[in-house]
Amino acid sequence: MLSENAKKEISKEISKFPEKKAALLPALHIAQKEQGWISKETMEEIASIIEIKPIEVMEVVSFYTMFNMNPVGRYHLQVCTNLSCSLLNSRHMVKHLQDKLGIKTGETTKDNKFTLSTVECLGSCGTAPMMQVNDEFHENLTKQKIDAILESLK
């Protein structure tokens with residue numbers, strides 16, 4: 001369930017648009033910021049607030065990789081594996097992260113600190129390979145940079 005504060009923020013976003021449905025993306029960002037992910041129940045609640053069908057919310061949540069449909073760790077590591085990043089060894093960066101964290105892509109460490117995901121594109125082709133950690137971008141990755149990033153998050 002969304003907090004009263006989140007509901008107020010969503011109402012404020014709704015007031016910015018001529019149609020309630022236009023506030024769907026901001027509402028999802030608010031919900032995810034509060035809860036860390038977007039559950040089926042949260043999707044239904046947002047649908048009710050915005051007065052659309054729950055399936056319409058699900059379509060948006062499942063389309064965008066920026067929305068988490070399952071709980072994630074404190075740090076969500078998302079490595080781009082699209083063409084530019086792949087050509088510059090992003091798959092090796094993923095393997096390095098798997099080895100360092102002891103998890104596979106799509107998994108979360110036992111301490112719930114790290115979740116590792118691959119994503120199609122993070123829009124940083126000129127500085128590939130890159131990884132997003134929560135809302136922070138890390139570009140021109142090397143194994144050494146990844147080690148330093150992980151060390152700074154401990």
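A crossing of two helices is right-handed if the near helix is turned clockwise from the far one by less than a right angle, and left-handed if anticlockwise. The exercises below use a predicted model.

**Exercise 1.** Describe how helix H6 and helix H7 cross, and state which residues make the contact.

Solution. 
1. Helix H6 covers residues 90–101 and helix H7 covers residues 143–153.
2. Their axes come within 10 Å and cross at roughly 40 degrees.
3. Angles under 35 degrees count as roughly parallel and those from 65 to 115 as roughly perpendicular, so H6 is oblique to H7.
4. The crossing of H6 and H7 is right-handed.
5. H6 contributes His92, Met93, His96, Leu97, Lys100 and Leu101 to the contact, and H7 contributes Lys143, Ile146, Asp147 and Leu150.
6. Sorted by type, the residues of this contact are 5 nonpolar, 2 polar and 3 charged.

**Exercise 2.** Decide whether Glu13 is buried or exposed, and list its contacts beyond four places in sequence.

Solution. 
1. Glu13 lies in helix H1, residues 4–14.
2. Its relative accessibility is 18%.
3. Buried means under 20%, so Glu13 counts as buried.
4. With neighbours within four places in sequence set aside, Glu13 touches Ala23, Pro26 and Ile30.

How values were computed:
Residues numbered from 1 in each chain as written. Predicted model: local features only at pLDDT ≥ 70, side-chain atom pairs only at ≥ 80, totals over all residues. Heavy atoms only, no water. Helix = DSSP H or I, 4+ residues; strand = E, 2+ residues; numbered from the N terminus. Buried < 20%, exposed > 50% of the residue type's maximum accessible area, 1.4 Å probe, protein only. Contact = heavy atoms within 4.5 Å. Axes fitted to C-alpha atoms, helices over the stretch in contact; angles between N-to-C directions. Parallel < 35°, antiparallel > 145°, perpendicular 65-115°, else oblique. Nonpolar A, V, L, I, M, F, W, Y, C, P; charged D, E, K, R; others polar.
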